[in-house]
Amino acid sequence: MGLKILTEHINVPGIETLKVYRKHGGYKSVEKAVKTMSPEEVVEEVKTSGLRGRGGAGFPTGMKWSFLAKPEGVPRYLVCNADESEPGTFKDRWFMEKNPHALIEGMITSSYALGANTSYIYIRGELLFVLRILEKAIAEAYAAGLLGKNILGSGYDLDLHVAPGGGAYICGEETALLESLEGKRGNPRNKPPFPAVKGLFQSPTVVNNVETISSVPWIVNNGGAEYAKIGIGRSTGTKLISASGNINNPGVYEIELGVPVEEFIYSDQYCGGIWKGKQLKAVVPGGSSVPILPANLILKTAAGEDRLMTYESLSDGGFVSGSMLGSGAFIVFDEDQCIVRNTWNYARFYHHESCGQCSPCREGTGWMEKVLHRIEYGHGHQQDIDLLVSVSKQIEGNTICPLGDAAAWPVASAIRHFRHEFEWHINNPKEATAPGAVYRGQLDAVTA
Amino acid sequence: MAKVTIDGIEIEVEDGTTILQAARKIGGNVVPPAMCFYTPLKGSGGKCRVCLVKVSQGSTKDPRPMPKLVASCITQVQDGMVVENTTNEEVLNARKGIVEMLLINHPLDCPICDQAGECSLQDLSYEHGVSAQRFEEERRTFNKVDLGPYIQLHMTRCILCYRCVYTADQITEKRVHGVLGRGDAAEIGTYIENVVDNDFSGNVIDVCPVGALTDKTWRFKNRVWFTKPMDAHRDCPTCSGKVTLWTRGEEVLRVTARKDQYNEVEEFICNTCRFDKKEVADWTIEGPRHIDRGSVISANHYELPVVNVPIVPNLPTSTKKNLPQE
């Protein structure tokens with residue numbers, strides 16, 4: 001087992017209470033930061049650590065923080081994005097449920113670094129029970145003087161609020177999240193201006209994922225240089241991976257970035273191999289919106305190197321033969337899974353979750369879903385495959401927010417790597433629609 | 001001031017101008033189409049994506065091209081920016097794709113639609129659409145809804161440009177309609193079956209780029225290309241009173257605000273002028289209105305003969321050969 005940063009004490013009974021959390025070294029980073037460090041020093045440590053956004057895009061957190069505009073007399077905000085709704089991702093929910101104080105500690109330290117006096121945790125509406133856990137923990141922190149006026153006698157004030165969303169996937173997009181937090185319809189905003197300049201209530205705002213913020217206390221306690229030693233290259237630190245699908249041990253795993261994918265799937269420490277010893281067919285390595293990869297390409301890159309669980313290695317080969325680490329939702333498919341059905345399922349999700357603001361996404365997601373539905377239920381035509389590719393290209397890159405791309409990528413990649421399976425569905429509608437029928441033929445040999 | 005080059009034509013504009021506004025200063029066919037952006041409405045734009053252009057050079061300081069196509073209506077110009085609109089095939093293809101998306105759920109009922117002849121979507125489809133239809137599924141449909149005594153909402157035709165929402169927000173005291181639902185189930189609606197009732201509500205009809213919001217006093221009375229537009233005014237206590245009358249013979253069939261060549265109103269007018277003053281005697285006629293839009297109404301204009309406009313005027317020869325061959 002590798003080093004545990006986020007999950008070291010997660011199974012300690014009572015860790016959700018302040019008393020037990022402090023006994024295990026909790027809130028040390030708050031003391032260290034507000035008493036001995038200047039906000040700029042905290043930002044500098046995070047920059048040195050090489051910590052990258054854990055929500056999906058992987059943007060360097062320190063750099064994001066240093067972009068924050070600091071005009072005189074305007075409040076700044078830190079917003080934690082806990083609207084985890086990507087199919088396959090469940091790490092944030094699990095983490096907040098188990099160890100709410102770790103997030104709150106991260107929020108205090110990060111808010112101090114950014115000079116924010118009001119911060120928000122925007123939590124997904126369905127996670128009402130987690131919201132209760134967080135509120136209880138926040139009340140404890142207030143009572144202990146870790147939140148509110150004059151934190152630990154340092155003169156720094158911080159108010160922390162938890163705001164539930166209405167349960168829309170689009171509100172996980174940072175500008176839609178801010179709109180929703182302001183009490184408006186959750187439509188993504190046009191960028192620029194970016195939230196770092198005009199965010200929540202027209203003030204400079206930083207939006208970070210739960211896991212990103214929860215990693216900050218360790219960096220403050222042990223130093224950014226120490227954090228940068230973990231991992232490989234520009235992928236530093238540890239990452240929570242939500243492993244699901246046809247594996248023996250589904251669950252959340254904290255890995256040091258750089259573990260080989262093969263080890264992650266087959267080692268007993270992690271996924272423990274494919275369920276019932278079946279063959280691996282495909283993996284979606286970073287949540288439903290990233291490209292799916294067939295077995296040969298997920299284990300080795302197109303150049304024949306071992307694929308590692310890092311931002312760089314998983315995206316090696318671009319979208320031709322690579323994918324993305326994304327939010328770390330590792331979905332494994334065995335030989336009995338139908339890629340067409342799975343792609344249709346994803347398309348259905350994006351059709352349902354498109355906000356309907358910009359035309360390519362609003363109309364295109366529905367169109368793709370209908371065509372995939374047709375193919376899955378044995379009414380497809382041969383030209384439908386090219387139609388899907390063309391529609392996904394019309395959406396990709398032309399929308400306001402990344403939801404359009406997220407809807408287009410899984411469809412385009414499934415066709416790129418599993419074209420034979422789509423053709424088989426179209427040419428053999430009777431066989432393909434029989435209960436439990438799965439394409440058993442040759443998978444495409446995909447290199448470039 | 002910032003110097004920008006759009007399709008090879010250089011122009012100097014104020015800082016903070018958008019690419020679309022700069023292109024409109026040049027005029028002609030370098031102007032990207034706009035379905036949702038509306039100059040008088042603050043915050044509009046960025047939604048329909050038909051105005052996407054390629055920025056092949058960001059600015060003099062940072063000459064890198066922008067990685068994606070950008071919406072010209074909301075992207076501000078930088079000094080030294082080079083923009084490609086009709087000279088870039090990627091842009092034209094993307095636009096074609098977006099027009100196709102706008103049309104897949106549009107009923108294409110132009111023959112019975114009151115907006116036909118002055119419809120932005122119709123113009124856009126003529127210019128950038130494809131003649132074949134690849135969408136085979138059932139289109140989404142809605143029932144027609146009466147928003148009060150004057151306005152009918154035909155949601156099936158709507159392209160969700162949000163212009164009517166901004167109008168109600170910015171020029172009326174209270175907005176009762178808005179966008180309900182999401183994705184392709186999103187619709188303009190008054191929750192629940194409310195009446196849009198205020199002195200300026202009729203302006204939502206003028207801003208609607210398609211036939212989704214229509215004037216009930218004009219519905220099915222005539223086709224726009226048979227009517228004659230006349231500039232007229234009256235002393236109105238609530239608005240400027242400057243309107244365009246659409247007449248046939250002595251009959252005033254419709255009253256609208258005065259719109260420029262981009263379909264944008266010069267001044268919003270009140271409901272009394274729009275719906276109640278339908279007699280020639282109510283108005284002081286100023287003379288025929290010159291309509292300068294791409295639509296059928298200007299092609300059939302009684303005032304001027306139709307002139308064949310060159311497709312892209314004033315282009316240097318170097319950029320001209322990059323034009324896609326039709």
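A residue is taken as buried if 20 or more other C-beta atoms lie within 10 Å of its own, as exposed if 12 or fewer do, and as partly exposed in between, with C-beta atoms placed from the backbone. By this criterion, 43% of the 326 residues of chain B count as buried. The structure is a predicted model, in which local features need pLDDT of at least 70 and side-chain atom pairs count only at pLDDT 80 or more, while totals for chains, interfaces and linings use all residues. Residues are numbered from 1 along each chain as its sequence is written, and chains are lettered from A and ligands numbered from 1 in the order in which they are written.

Secondary structure was assigned from DSSP runs numbered from the N terminus, with helices (H or I) of at least four residues and strands (E) of at least two. On this basis chain B comprises eight helices and 14 strands. Two residues are in contact if their C-beta atoms, placed from the backbone, lie within 7 Å. Among the contacts in chain B with a separation of 6 or more, 64% are accounted for by residues 24 or more positions apart. Within chain B, Leu160(B) adopts a positive phi of about 55° although it is not a glycine. Leu160(B) belongs to the loop that joins strand S7 (151-153) to helix H4 (163-171) of chain B, and this residue counts as buried because it has 24 C-beta neighbours inside 10 Å.

A positive phi, of about 50°, is also found at Asn150(A), again not a glycine. Asn150(A) is located in the loop between helix H7 (128-143) and strand S3 (159-164) of chain A. Asn150(A) counts as exposed because it has 12 C-beta neighbours inside 10 Å. Leu127(A), by contrast, counts as buried, with 22 such neighbours inside 10 Å. The C-alpha atom of Leu127(A) is separated by 9.3 Å from that of Gly165(A), 38 residues apart along the chain.

Two cis peptide bonds were identified in chain A. The bond from Lys191(A) to Pro192(A) is cis, with omega near -5°, and the bond from Pro192(A) to Pro193(A) is cis, with omega near 0°. Pro192(A) is placed in the loop between helix H8 (174-181) and strand S4 (205-209) of chain A, and Pro193(A) likewise lies in the loop between H8 and S4.

Domain bounds, which come from an automatic or database domain assignment, divide chain A into domain 1 (18-229), domain 2 (232-334) and domain 3 (339-433). The centres of domain 2 and domain 3 of chain A, taken over C-alpha atoms, are separated by 23 Å. Ten residues from domain 2 and ten residues from domain 3 of chain A take part in their contact. Residues were classed as nonpolar (Ala, Val, Leu, Ile, Met, Phe, Trp, Tyr, Cys and Pro), charged (Asp, Glu, Lys and Arg) or polar (the others, Gly among them). The side of domain 2 of chain A that touches domain 3 has eight nonpolar, two polar and no charged residues.

The contact between the chains takes 23 residues from chain A and 25 residues from chain B. On the side of chain A that touches chain B, helix H15 (339-353), helix H16 (359-376) and helix H17 (384-395) of chain A each supply at least two residues. The largest share of this side, nine residues, comes from H16(A). By class, the side of chain A that touches chain B has six nonpolar, 13 polar and four charged residues.
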